[in-house]
Amino acid sequence: KGRSGAGCGRGALRAPAPLCGPHGVCSALSLEIKASASVRAYVGEQVTLKCSFKSSFPITESLTIDWTYRPFTGGQMETIFHYQSVPYPTTVGKFKDRISWVGNVANGDASIAIGSPSMSDNGTFICSVKNPPDVYHNIPQTMLVVRERGFSFQLTSAVLLSILVFLPSIIVVVLLLVRMGRKFAVQKEKKKPGCKKSSIEVSDESEHPGTGTCLGKLRDRCLNCVVS
């Protein structure tokens, strides 16, 4: 495959044939590839397509990694990334300047990332790894689904921690404000003319709290009207 990112035919879906000896005995080498079956992404937010591999042979400079893509709407597959010693993201097509290498071949990681995904990127991605002579492997496929995030609120751990920290403080402040407001209202009520207490009212208020205030007098008058 070229490093220019040119597309490839449908034959890319076929796994390489197992190696066969001179007597016609074939054996499949133990190169195993794992990739996520489906990945969700949001428009404009970078998404990682994870791919890992295990080879029965030591990693050499001959190791190659290829990522291919086919849209859900159909069409030919195209190579969007190639790796051999260094990464070669595609320089043409819809993924130009949007593919970045985030893997590490020494750790068996062949992952890539797609920047600024859009819903037109929805499709099937295939991760293929070859580590000669270990080239025969399974073909995992990853379906990418890109959606609009919208205005849905996500309760992240940071938001939850902020709520737990600040909510008690807010409750305390509100209670203090309510208490101060009530105290201010009582003091304002006491300062109104015609509401001064006599010594008799003071003693009576000690036995019946609230009767010495204007509100208490109004209540008593109402009670007297009801009785009469």
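**Figure 1. An aromatic cluster made by Tyr69, Phe95 and Phe125.** In this predicted model, the residues Tyr69, Phe95 and Phe125 together form one aromatic cluster. The structure as a whole has a count of 5 aromatic pairs. In one of these pairs, the ring centres of Tyr69 and Phe125 are 4.8 Å apart and the ring planes stand at 45 degrees, so the pair is described as tilted. Because Tyr69 belongs to strand S7 (residues 64-71) and Phe125 to strand S12 (residues 123-130), their pairing ties together parts of the chain that are 56 residues apart in sequence. Both Tyr69 and Phe125 are buried.

**Figure 2. The ring pair of Tyr83 and Trp101.** A pair of aromatic rings is described by two quantities, the distance of the centres and the angle of the planes. For Tyr83 and Trp101 the centres are 4.8 Å apart and the planes lie at 25 degrees, so this pair counts as stacked. The two residues come from distant parts of the chain, with Tyr83 in strand S8 (residues 78-84) and Trp101 in strand S10 (residues 99-101), 18 residues apart. Tyr83 has a relative accessibility of 9% and therefore counts as buried, whereas Trp101, with a relative accessible area of 22%, is partly exposed.

**Figure 3. A charged group over the ring of Tyr42.** This view is centred on Tyr42 and Arg149. The charged end of Arg149 is placed over the ring of Tyr42, at 3.9 Å from the centre of that ring.

**Figure 4. The disulfide between Cys51 and Cys127.** The structure has a count of 1 disulfide, and this bond joins Cys51 to Cys127 with an S to S distance of 2.1 Å. The angle about the S-S bond is -80 degrees, and the link of Cys51 and Cys127 is left-handed. Since Cys51 lies in strand S6 (residues 51-54) and Cys127 in strand S12, the pair ties together parts that are 76 residues apart in sequence. Cys51 and Cys127 are both buried.

**Figure 5. The surroundings of Asp121, a buried loop residue.** Asp121 is located in the loop between strand S11 (112-114) and S12. Its relative accessible area is 0%, so Asp121 is buried. When neighbours within four places in sequence are left aside, Asp121 is in contact with Tyr69, Lys94, Phe95, Arg98, Ser116 and Leu144. Among these contacts are Tyr69 and Phe95, which are also members of the aromatic cluster with Phe125.

**Figure 6. Ser56 and its contacts.** Ser56 has its place in the loop between S6 and S7, and with a relative accessible area of 41% it is partly exposed. Apart from residues up to four places away in sequence, Ser56 touches Ser30 and Asp134. The C-alpha atoms of Ser56 and Leu31 are separated by 6.4 Å, although these two residues are 25 residues apart along the chain.

Figure 7. Most residues other than glycine have a negative phi, and most peptide bonds are trans. Ser85, in the loop between S8 and strand S9 (86-89), has a positive phi, near 75 degrees. With a relative accessible area of 44%, Ser85 is partly exposed. Asp97, in the loop between S9 and S10, likewise has a positive phi, in this case near 65 degrees, and Asp97 is exposed, with a relative accessible area of 68%. The peptide bond that leads from Pro132 to Pro133 is cis, with omega near 5 degrees, and Pro133 is found in the loop between S12 and strand S13 (141-147).

**Figure 8. An open sheet with the strand order S5-S11-S10.** Strands of a sheet pair through backbone hydrogen bonds, and the pairing may be parallel or antiparallel. The open sheet in this view has 3 strands in the order S5-S11-S10, and their pairing is antiparallel. Strand S5 (47-49) and S10 are the edge strands, each of them pairing on one side only. From one strand to the next, the twist averages 30 degrees. S5 and S11 run antiparallel and are joined by 3 bridges, and Thr48 stands opposite Ala113 in S11.

How values were computed: Residues numbered from 1 in each chain as written. Predicted model: local features only at pLDDT ≥ 70, side-chain atom pairs only at ≥ 80, totals over all residues. Heavy atoms only, no water. Phe/Tyr/Trp six-rings, centres within 6.5 Å; stacked < 30°, edge-to-face > 60°. Helix = DSSP H or I, 4+ residues; strand = E, 2+ residues; numbered from the N terminus. Buried < 20%, exposed > 50% of the residue type's maximum accessible area, 1.4 Å probe, protein only. Lys NZ or Arg CZ within 6 Å of the ring centre and 35° of its normal. Disulfide = S-S within 2.5 Å. Contact = heavy atoms within 4.5 Å. Pairing = 2+ DSSP bridges. Axes fitted to C-alpha atoms, helices over the stretch in contact; angles between N-to-C directions.
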